[in-house]
Amino acid sequence: MLIRIPASGECRESDVTPEAAYLSRRQLLRGAILSGAVVGLPSLAIASERYPGVTAEPAPTWFADKLASARWQAVVPDGEPVTPYADATSYNNFYEFGPNKGDPARHASALKVEPWTVLVDGDVERPGRYSLEDLCSEARLEERIYRLRCVEAWSMVIPWLGFPLADLVKRVQPHSAAKFIRFETAYRPEEMRGTRSGFALIDWPYVEGLRMDEAMHPLTLLAVGMYGRTLPNQNGAPLRLVVPWKYGFKSIKSIVRISFVRDQPATTWQSMAPEEYGFYANVNPKVSHPRWSQARERRLPGSLFNTNVQDTLLFNGYAEQVAGLYGSMDLGKDY
Ligand code: MTE
């Protein structure tokens with residue numbers, strides 16, 4: 001993004017762990033039993049059943065309970081293979097842990113995700129500091145397999161586990177004055193080494209925002225898991241946003257604050273470089289980034305012989321569902 005100027009071929013194939021390196025399901029379960037990780041066993045079983053070889057951590061009891069009644073594959077893209085777990089968890093953007101794609105996987109384990117609370121405030125009837133468990137208490141988990149298109153022109157297909165943001169919004173009851181939602185990531189310099197670096201240009205904490213109708217759209221997800229397990233830290237544990245028709249930077253990780261506000265919030269990337277990153281950030285092959293085209297994308301993983309470059313779709317392929325949100329807008333200006 002801004003910290004390093006990305007070339008379109010930024011992902012080195014050596015960054016990609018071959019799928020053969022996965023643990024077998026049997027190894028995984030034996031390891032879990034030996035380590036006494038009984039709390040998360042149901043979720044371990046489900047993760048490895050659905051995604052063979054996925055290394056699931058012991059999950060909190062509430063998560064494991066909800067997993068048992070999860071609705072699997074509620075949304076699936078047409079015939080597109082899911083990105084291998086190893087790629088989705090080793091090639092990340094999470095600047096709080098460093099600017100390089102491998103930094104989050106290397107350093108994000110320092111983030112303490114339990115206990116976790118989220119402050120809900122602003123123009124809302126039921127403000128408060130909610131534990132994650134409480135925040136999710138009325139939710140039924142769903143699996144949504146979405147395309148993720150980064151503004152840097154690479155993409156993946158990720159099976160998220162979560163629930164519609166709209167469900168939470170309805171529960172906390174925003175006032176009619178609230179027109180936007182502002183989200184904030186945890187800012188813990190002692191656990192997030194990237195925030196201690198003088199080289200990072202970001203004004204922490206990382207902030208994102210949505211217009212209320214975007215937040216209420218049924219595709220907008222609050223994710224607590226992926227690949228049948230809890231979120232790995234590098235992917236935004238324990239709670240992140242997923243907005244599949246927007247560039248990945250809108251999908252803010254490790255959320256600690258959700259505020260209902262009247263005015264469009266100042267968001268991290270837009271504040272830093274407004275001519276490069278818009279508030280809306282809708283995926284649009286016709287609106288180039290000033291420094292590179294957005295017409296095509298590299299679907300990860302590629303290989304030496306197949307770079308997997310493909311055309312980028314308007315609204316990341318979700319135009320049918322979301323174009324109506326932007327009917328009167330000039331997408332070239334409100335990028
Ligand atoms: N959230 C926070 N807090 N910090 C970040 O640096 N990076 C964003 C987004 N959410 C980022 C973030 C960007 S640029 C992308 S492309 C996605 O996370 C990447 O998500 P992934 O690492 O799970 O693929």
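**Reading burial, rings and an annotated site**

Modeller: Let us begin with burial: at 2% relative accessibility, Thr83 counts as buried, since the cut-off for that term is under 20%. The model is a predicted one. Thr83 is in the loop between strand 1 (71–75) and helix 4.

Biologist: Which residues is Thr83 in contact with, leaving aside its neighbours within four places in sequence?

Modeller: Thr83 is in contact with Ala88, Met156, Val157, Tyr227, Leu300 and Pro301.

Biologist: How does one read burial for a whole helix, and how many residues of helix 7 are buried?

Modeller: An α-helix has 3.6 residues a turn, so residues three or four places apart point the same way. In helix 7 (residues 165–172), 6 of the 8 residues are buried, so the helix is largely enclosed by the rest of the structure. The buried residues are Leu165, Ala166, Leu168, Val169, Arg171 and Val172. After helix 7 comes Gln173, with a positive phi near 60°.

Biologist: Let us turn to aromatic rings. How many aromatic pairs does a search of the whole structure find?

Modeller: The search finds 13 aromatic pairs. To classify a pair, one takes the distance between ring centres and the angle between planes, an angle over 60 degrees being edge-to-face. For Tyr91 and Trp154 the centres are 5.2 Å apart and the planes are at 80°, so this pair is edge-to-face. Tyr91 belongs to the loop between helix 4 (85–88) and helix 5 (103–107), and Trp154 to strand 5 (residues 154–164), so the pair ties together parts that are 63 residues apart in sequence. Both residues, Tyr91 and Trp154, are buried.

Biologist: How are the rings of Tyr280 and Tyr326 arranged?

Modeller: Their centres lie 6.1 Å apart and their planes are at 85°, so Tyr280 and Tyr326 also form a pair that is edge-to-face. Tyr280 lies in the loop between helix 9 (268–272) and strand 12 (296–299), and Tyr326 in the segment after helix 10 (319–322), so this pair ties together parts that are 46 residues apart in sequence. Tyr280 is buried at 9% relative accessibility, and Tyr326 is buried at 3%.

Biologist: Which charged residues lie over the rings of Tyr91 and Tyr318?

Modeller: Here one looks for a charged end above the face of a ring. Lys101 lies over the face of Tyr91, 5.7 Å from the ring centre. Over the ring of Tyr318 sits the charged end of Arg147, at 5.2 Å from its centre.

Biologist: Where is Cys150 placed, and is Cys150 buried or exposed?

Modeller: Cys150 is in the loop between strand 4 (142–149) and strand 5, and counts as buried at 4% relative accessibility. Beyond its neighbours within four places in sequence, Cys150 is in contact with Asn93, Tyr247 and Gly248.

Biologist: What does the side chain of Lys253 reach?

Modeller: The side chain of Lys253 reaches the backbone oxygen of Asn93 at 2.7 Å. Lys253 lies in the loop between strand 10 (240–242) and strand 11 (255–261) and is buried, with a relative accessible area of 9%. Not counting residues up to four places away in sequence, Lys253 touches several residues, including Asn92, Thr185, Asn235 and Arg240.

Technical notes:
Residues are numbered from 1 along each chain as its sequence is written. This is a predicted model: local features need pLDDT of at least 70, side-chain atom pairs count only at pLDDT 80 or more; totals for chains, interfaces and linings use all residues. Side-chain values use heavy atoms; hydrogens and water are left out. Rings of Phe, Tyr and Trp (its six-membered ring) pair if their centres lie within 6.5 Å; planes under 30 degrees apart count as stacked, over 60 as edge-to-face and the rest as tilted. Helices (H or I, at least four residues) and strands (E, at least two) are DSSP runs, numbered from the N terminus. Buried means under 20% relative accessible area, exposed over 50%, partly exposed in between (1.4 Å probe, protein chains only). A charge sits over a ring if NZ of Lys or CZ of Arg is within 6 Å of the ring centre and within 35 degrees of the ring normal. Contact means heavy atoms within 4.5 Å. A polar contact is a pair of N or O atoms within 3.5 Å; within protein, one must be able to donate a hydrogen and the other to accept it, and residues adjacent in sequence count only if both atoms are side-chain atoms.
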